[in-house]
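Hello,

Here is the structure I promised to pass on to you. Please open it next to this message, and my notes on what turned up follow below.

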Number of protein chains: 2
Amino acid sequence: MTELSDLSDEQLRGLHEDTLTRYRAFRDQGLKLNMARGKPAPEQLDLSNDLLGLPGAGHYTAADGTDCRNYGGGQGLPEARALLGEIVGAPPENTVVADNASLAMMHDHIVYSLLKGNPDSAAPWCREPRVRFLCPVPGYDRHFAICAEYGIEMINVPMLEDGPDMDRVEALVAEDPSIKGIWCVPKYANPTGAVYSDEVVERMARMPTAAADFRIFWDNAYAVHHLTGERVEIANLIEACGTAGNPDRALVFASTSKITFAGAGLGVFASSARNVEWYLTRAGKRAIGPDKINQLRHLAKLPDIHALHRLMDGHRELIAPKFDAVHEAFARVFGDYRVATWTRPRGGYFISLDTPQGCAARTVELAREAGVVMTPAGATYPHGRDPEDRNVRVAPTFPSLTEVKQAAEGIAVATLLAAVEREIARREA
Amino acid sequence: MTELSDLSDEQLRGLHEDTLTRYRAFRDQGLKLNMARGKPAPEQLDLSNDLLGLPGAGHYTAADGTDCRNYGGGQGLPEARALLGEIVGAPPENTVVADNASLAMMHDHIVYSLLKGNPDSAAPWCREPRVRFLCPVPGYDRHFAICAEYGIEMINVPMLEDGPDMDRVEALVAEDPSIKGIWCVPKYANPTGAVYSDEVVERMARMPTAAADFRIFWDNAYAVHHLTGERVEIANLIEACGTAGNPDRALVFASTSKITFAGAGLGVFASSARNVEWYLTRAGKRAIGPDKINQLRHLAKLPDIHALHRLMDGHRELIAPKFDAVHEAFARVFGDYRVATWTRPRGGYFISLDTPQGCAARTVELAREAGVVMTPAGATYPHGRDPEDRNVRVAPTFPSLTEVKQAAEGIAVATLLAAVEREIARREA
């Protein structure tokens, strides 16, 4: 592999000229591509079109006789909790199935904790001088946005290949009682695709925390979203916390947003009986219950976990080639130059691209000017600030395979150009 | 009319014996009836069974081309906002259509105000020494429960026949900057059935308030829920507030919970552009958007306001006889004795029964022992405390007409017995 810094000035100039030519050629195609949106493609949504006519005439009764058309049932239907409990690793009685957004349940946990305190809080969080959360980075912008909204301070923790840097996490939570939580996407993490190792899960469950009311926000958004033939499994955090004597530490979330319909799926939450009761009591002040007809609808489409896995196989067939196409374009364009690293995730929705330091914003700018919209640089960091300006999130699921191939080429050329520009500027400085 | 206090001791004893005999005869039937639940009957839900197969194969696209299966569209579909905007009296751009619970939108307004302050707040409400809401009583227990949950002090204000006692409301809000809001069910109020007069609406819109960030929580839950041939209209609060120079004062809510399916309908919110933008910005941190497929589903069933009114005519045919049956039973059992007053609402879901002072809890107890479950006495007051122990809420929609007739008879006999017992106790004291 060749570092740009190893090139002679002449070689660098030559590479700049070549890359600029390629960039202009790409730009002059006048394409309009979008690799910013972590959302399913229409063909993926088509896999669940049965839902449009379900549950069907005469079907409005749950297994226990509940008329799902009427009020009530704040915890969700038992059979929906049984199905989705398998995804979050909890029995139905410790599982809540709600409306279309697991993010909303995470948000509401934080809001209720701010205004009421959680079951282990001495006071509502909003009465404390400061509240802080650990944020493994790069991470999911919507997690960070909730913290930003409510003035919760965010502390960056590096994501490693098997989860957050646990030495750092343990040291921080042991000392600082204002640290009330950590955001985790434990499987096929957004955006790096990392899978938390058993050791990381174990250490999370066991670590002493200065805050008695510390909680792990475990957003298992990609629990069944495999990109290879392997259905990767991770350790069960709820069980690990129970074994470690911290039974109320884990708050586990998932949804069918990227299983059935992204806008019209089911959100799910699981935890200890104590946390579930606390949450349902709070949520019961907010609404009388979730849309149980949508739960019936999903159960008609997905009667058991095998049906759900088969559906996910269909998603994989549609999107795995898009991830492959990005990898191939990156490998081809970067060639022998060591200008970027990127992930090859075994599941999830994103590829994480690390440019040379100080090149991410310029890469996104160049890509945009060439017709490829990307997630804004920095979006994967709290407050949108990537301290090294390196990370770019690539979301290949929504565009067609042809578009993904084109866009990946454009992104790679933009990255290479940004890196060369920066090396030139470094030498001129 | 005869007051119990006008009876001789002997007459009173005779009435007690007669009433006890009737009560025991009723009790010995061993009925199990429930007049506590303000929810639609199965036959009402049947009117919307089309929804179970809608929007139907191939129908997932909104008028503007939006794929409703995917993420996004936080304000709701334009066509859904146009339809439900007619109910809340606002143009589509000032209307938000969300998920199945308007109560959730009211709750979230309060939560966001507590944690962030509303657009007119100098600080988040949770930073103020106290926050108070005016509560016209009797009123809706779930409104009061939200305040109780978050430590918002509630000040009772008497409901009159045309709305809250505005002299009292005006005096309170003019003086006390900690009063941030008032709960209103302006049409066919829960539980009294009162309809706010134009004058009350006008005074609400115009009144000076010590709090710059004062808001009217206008829960127009029964906007189209008529029990007579007359479609009662009330003045438009949003417009009145605009005219009065208080354009951001009105927060208007409604839902299709008692139009289509109570558990699977659409909630709606309307206000000024400023308030709508503020709300959407907040709600956008919580979730990526509402279930747009359910909005399409509703639009397929209810393509315009006329279809909606026709559906409501169907509800009226089913439930108006139940309200009549309660009135007839009450009138018959109370006969010439002045022991109770009750409302004859022109719409909505409830009859409000006022017993003699100190008799409501005993009435509910006697009814329960005779097989008729009612809303707990006091439930229509903040913290469940009716200072005069007089008000009982009667919810006749859910049981069958036969059951309503039986239950109303039981409630009336229980009320009469409680009143007679109390008069006897008074004389013995």
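Let me start with a helix pair in chain A. Helix H12 (residues 360–369) and helix H13 (residues 401–428) of chain A pack with their axes 8 Å apart, at an angle of about 130 degrees. Because of that angle, H12(A) is oblique to H13(A). On the wording: axes are lines fitted to C-alpha atoms, for helices over the stretch in contact, and angles run from 0 to 180 degrees between N-to-C directions. Angles under 35 degrees count as roughly parallel, over 145 as roughly antiparallel, 65 to 115 as roughly perpendicular, and the rest as oblique. From H12(A), the residues A:Arg362, A:Thr363, A:Leu366 and A:Ala367 meet A:Ile411, A:Ala414, A:Thr415, A:Leu417, A:Ala418 and A:Glu421 of H13(A). Contact here means heavy atoms within 4.5 Å, and helices (H or I, at least four residues) and strands (E, at least two) are DSSP runs numbered from the N terminus.

Before going further, the ground rules. This is a predicted model, in which local features need pLDDT of at least 70 and side-chain atom pairs count only at pLDDT 80 or more, while totals for chains, interfaces and linings use all residues. Residues are numbered from 1 along each chain as its sequence is written, chains are lettered from A and ligands numbered from 1 in the order in which they are written, and side-chain values use heavy atoms, with hydrogens and water left out.

Next, how the two chains relate. Chain A superposes on chain B by a rotation of 180 degrees with 0.0 Å of shift along its axis (RMSD 0.0 Å), which means that the relation is that of a two-fold axis. The superposition is by least squares on the C-alpha atoms of residues with pLDDT of at least 70 in both copies. The C-alpha of A:Gly53 is the one in chain A nearest the axis, 2.2 Å from it. Both copies use the same surface, as 100% of the contact residues of chain A recur in chain B.

One helix pair links the chains. Helix H9 (residues 273–286) of chain A packs against helix H5 (residues 141–149) of chain B at an angle of about 130 degrees, with their axes 8 Å apart, so H9(A) and H5(B) are oblique to each other. Here A:Arg282, A:Gly284 and A:Lys285 meet B:Arg142, B:Ala145, B:Ile146 and B:Glu149.

The largest nonpolar core has 118 residues, and B:Met204 and B:Trp218 have the most contacts inside it. Such a core is a set of buried Ala, Val, Leu, Ile, Met, Phe, Trp, Tyr and Cys residues joined through side-chain atoms within 4.5 Å; buried means under 20% relative accessible area, exposed over 50%, and partly exposed in between (1.4 Å probe, protein chains only). Helix H11 (residues 305–334) of chain B gives the most to this core, with 14 residues. A second, separate core of 117 residues includes A:Leu33, A:Leu302, A:Ala325 and A:Ala418.

In chain A, the loop between strand S6 (179–184) and helix H7 (198–206) holds A:Val185, which counts as buried at 8% relative accessibility. Leaving aside neighbours within four places in sequence, A:Val185 is in contact with A:His143, A:Asn190, A:Tyr196, A:Asp219 and A:Tyr222. That loop between S6 and H7 also holds A:Pro191, and a cis peptide bond joins A:Asn190 and A:Pro191, with omega about 5 degrees. Another cis peptide bond joins A:Val137 and A:Pro138, with omega about -5 degrees. A:Pro138 lies in the loop between strand S3 (132–137) and helix H5 (141–149) of chain A.

Finally, a backbone detail to look at. A:His383 has a phi near 60 degrees, a positive value in a residue other than glycine. Most residues other than glycine have a negative phi. At 49% relative accessibility, A:His383 counts as partly exposed. In chain B, phi of B:His383 is also near 60 degrees, and B:His383 is partly exposed at 48%.

Best wishes
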